[in-house]
Protein chains: 2
Amino acid sequence: MAKQQNFVEQIADIETNFPQWYTDVVIKTGLVDYGPVKGTMVIKPYGYAIWEIIQAELDKRFKATGHQNAYFPLLIPMSYFTKEAEHVEGFSPELAVVTHAGGEELAEPLVIRPTSETIIGTMYSKWLQSYRDLPILMNQWCNVMRWEKTTRPFLRTSEFLWQEGHTAHATEEEAQEETMRMLAIYKEVAEDCLAMPVITGRKTDKEKFAGAEATYGMEAMMKDGKSLQAGTSHYLGQNFAKAFDIKYLDADGALKYAYTTSWGVSTRLIGGIIMTHGDERGLVLPPAVAPVQVVIVPIAARKGNVMEVCKGIEAKLAAKGIRVKLDDTDNSTGWKFNEWEMKGVPLRIELGPRDIEEGKALFFRRDTLAKEPVALEGIEDEAEAALKTIQKDMLEAARARREARTTWADNMEDLAKDLDAGNFVKAGWCGCRKCEDAVKEKMQATIRIILDDETADKCIVCGEKADKAVIIARAY
Amino acid sequence: MAKQQNFVEQIADIETNFPQWYTDVVIKTGLVDYGPVKGTMVIKPYGYAIWEIIQAELDKRFKATGHQNAYFPLLIPMSYFTKEAEHVEGFSPELAVVTHAGGEELAEPLVIRPTSETIIGTMYSKWLQSYRDLPILMNQWCNVMRWEKTTRPFLRTSEFLWQEGHTAHATEEEAQEETMRMLAIYKEVAEDCLAMPVITGRKTDKEKFAGAEATYGMEAMMKDGKSLQAGTSHYLGQNFAKAFDIKYLDADGALKYAYTTSWGVSTRLIGGIIMTHGDERGLVLPPAVAPVQVVIVPIAARKGNVMEVCKGIEAKLAAKGIRVKLDDTDNSTGWKFNEWEMKGVPLRIELGPRDIEEGKALFFRRDTLAKEPVALEGIEDEAEAALKTIQKDMLEAARARREARTTWADNMEDLAKDLDAGNFVKAGWCGCRKCEDAVKEKMQATIRIILDDETADKCIVCGEKADKAVIIARAY
């Protein structure tokens, strides 16, 4: 296994050095590279292909729920940000500013969008006339810019790709329903496509989006026990409607402010996939988002009809709509095995002259590392079934891991112990900001989610009556 | 026809005021709106839906020819632009510059990409090692920024959406083949999907991309006789390879510079569709790129089973993959007719109680304004066939119009006359810059394309021996 050793040596140990393991995996599997400007990333074809699949999965669900895509300008007048007080406070420190263009200094500086509530709100204010125009249900796929001090590919970069949905409604109820509908779609894609189980719920006021009435998020446990905020859906109430004058003439003849929402997920989801499923050999991709779902590796490729049979299998799988690749390079078999394992291809089919004689091939599952002989006759159906099983098993394994590492704590000592063990910790919280800050200060952890299906007796910090049960975790 | 009058009055006369007609059409059909920053546009859902279809058509052809999508950073260090002398000269006046970010002044100003040769070249230089890594075939879908003084939605805006392909090759021949292959794909999409006939060919040195060895373009005649440069493919030779150190170790052990290409089309194509096909009633969309291909308008919708039959037709068309919309709003029939005509929906199906009794419906073709009764039985096949016919006829009509308005000129008087008539004018050119400048100065027209399948005797400006036959036109 000398070859394998070579590969594995490239990747830091996942158990003892998770951060370096992550960096090694994203760089060495060809997902990203660092851009020349500090904090930027280049998304390479293998990484971008995952993003394209995630986009397609989300986009069809957005459209099925009545949303239309549009595109709003990248540059926003600085003055727009000051219209919503919390919003400007939240985003000011992270803005990138254009001061010169076309060889001249601009009269007003322009901000590269960190998010588009302000410019979209301005346009909605212009477009919205009557209650008949509601709801407005739009989404845009775009790049955004948030100048960050500490960056990591996919998880936190100054520029990233995302979608941002922005909707306007006649009533509070409709806007709240929309907020929860989109959160449910995010959860569905996270779990069914990314095989990444998430806990959804309301964020605390401290953690909510700058300018929102309420933010709902989904949190996923990474393999190091830290939480990744993987998507958020904001109920904005009338805050932005009032700041940007988003009004309509109602059926009763009165001018009313609309209720708005916004919601987004980003290329950060790719980081979530990596840290939910990866192992000591590298990436492990769930079939639903794998750019290559099946790789065929011929053994003793030049012997007899091996290549021919492999091509036949490739064609049969492709005809089923499986994303399949036949590795017909001159690399050694060991090299091929290791490369595709590192790249996380869910299923490998191995096939040599003796297998052909016996009318079979070997399936290798990347997630469990299990091998199994499979008859050549009907192999395309077996491959399809195997991919489904892998998809399901990966979600279940991730969920079981999270559940095994989710504990209740009644006091700060247990909380510290559980957090150090890499757990999600459930606890009671009185609801006050002081206790929330104390958790952060003493534990370097945050309240990730307020649980809506569980209750607690007393606050883990102050011991007073608990208003809510929450999940506390260290987070990305 | 009072209602129709109302609609038509919204749109300036196409014959006497083409520029205002264009502005009216793009705004009033809901394709775009003006953004708050001068020179920017908001692409509204109806316009963005066209772009999504164009993207899908191009993207599948890029992938079928071996290209992979990737994403490179928006911000490029200013110093990168100075590495290729012609490139910096060409783009400097149009750059938007970020000088502050994260609350601090940046050590080096960053440019919002006007095009990405410089940053992609930098990454290729890092990635390319051996001849085995070639060719590198990448594309990115993104926004770019060019600060323009005079702007018009889709045609020229400070920010626009496009794709930019960037490839690196071992040999000059391969890079030249790639340049022409992508030009051919652009032509195919322009003609087969947009029904917009184009003339392809080499641009003059004056008109070529800043830093290219040669630029090949496609030019389309708009209804006012002006030419639209609708896409370009650049053979960059080793210019950018030398400026950005894109080198590889060849099989013979020598370090060699790669040959590179770049190619792009943008949301400008939507402007091309509008000005190729639009008429006094508004938009006329070719079926292949129409977000709504068929609209069903019920006549006396509340009578008998009209709505039910209409819904049945909608379902049958949708099952065929036709993008169909049933207009079940409360608007009057006249209003519906006019609205969907203005929005350019290729085929309208009208259907009332008497039609149902007679087992038929009425087809209305947006391109020819022709009406025709069609049997309800098998109407989905008839609709499919009609869309195909419309698509074909629209291309042919546009081509016939262009051919009728393409003339040869032997002298400057004829050239002036033909240009004023709104023609593409073929003429001889000696190949010198002075004569090219003279055309521009005296005629407010430019050499659009050098024809490779025609020759001429003498230069239309100086009368010397003609090196080439060219097309001269006024242009967007």
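Q: What counts as a salt bridge here?
A: A side-chain nitrogen of Lys or Arg within 4 Å of a carboxyl oxygen of Asp or Glu. This is a predicted model, where local features need pLDDT of at least 70, side-chain atom pairs count only at pLDDT 80 or more, and totals for chains, interfaces and linings use all residues. Residues are numbered from 1 along each chain as its sequence is written, chains are lettered from A and ligands numbered from 1 in the order in which they are written, and side-chain values use heavy atoms, leaving out hydrogens and water.

Q: OK, how many salt bridges across the interface of chain B and chain A?
A: The rule finds four. In one of them, the side chains of B:Asp33 and A:Lys126 meet at 2.8 Å, N to O.

Q: And how many residues does the contact take from each chain?
A: 50 from chain B and 50 from chain A, where contact means heavy atoms within 4.5 Å.

Q: Why do the copies meet through the same surface?
A: Because 100% of the interface residues of chain B are also interface residues in chain A.

Q: Switching to strands: what does S5 of chain A do with S5(B)?
A: Strand S5 (residues 96-101) of chain A pairs with S5(B) in the antiparallel sense, over five bridges. Strands are DSSP runs of E, at least two residues, numbered from the N terminus, and two of them pair if DSSP finds at least two bridges between them.

Q: Which residue in S5(B) is the bridge partner of A:Ala101?
A: B:Ala96.

Terms used
Helix = DSSP H or I, 4+ residues; strand = E, 2+ residues; numbered from the N terminus.
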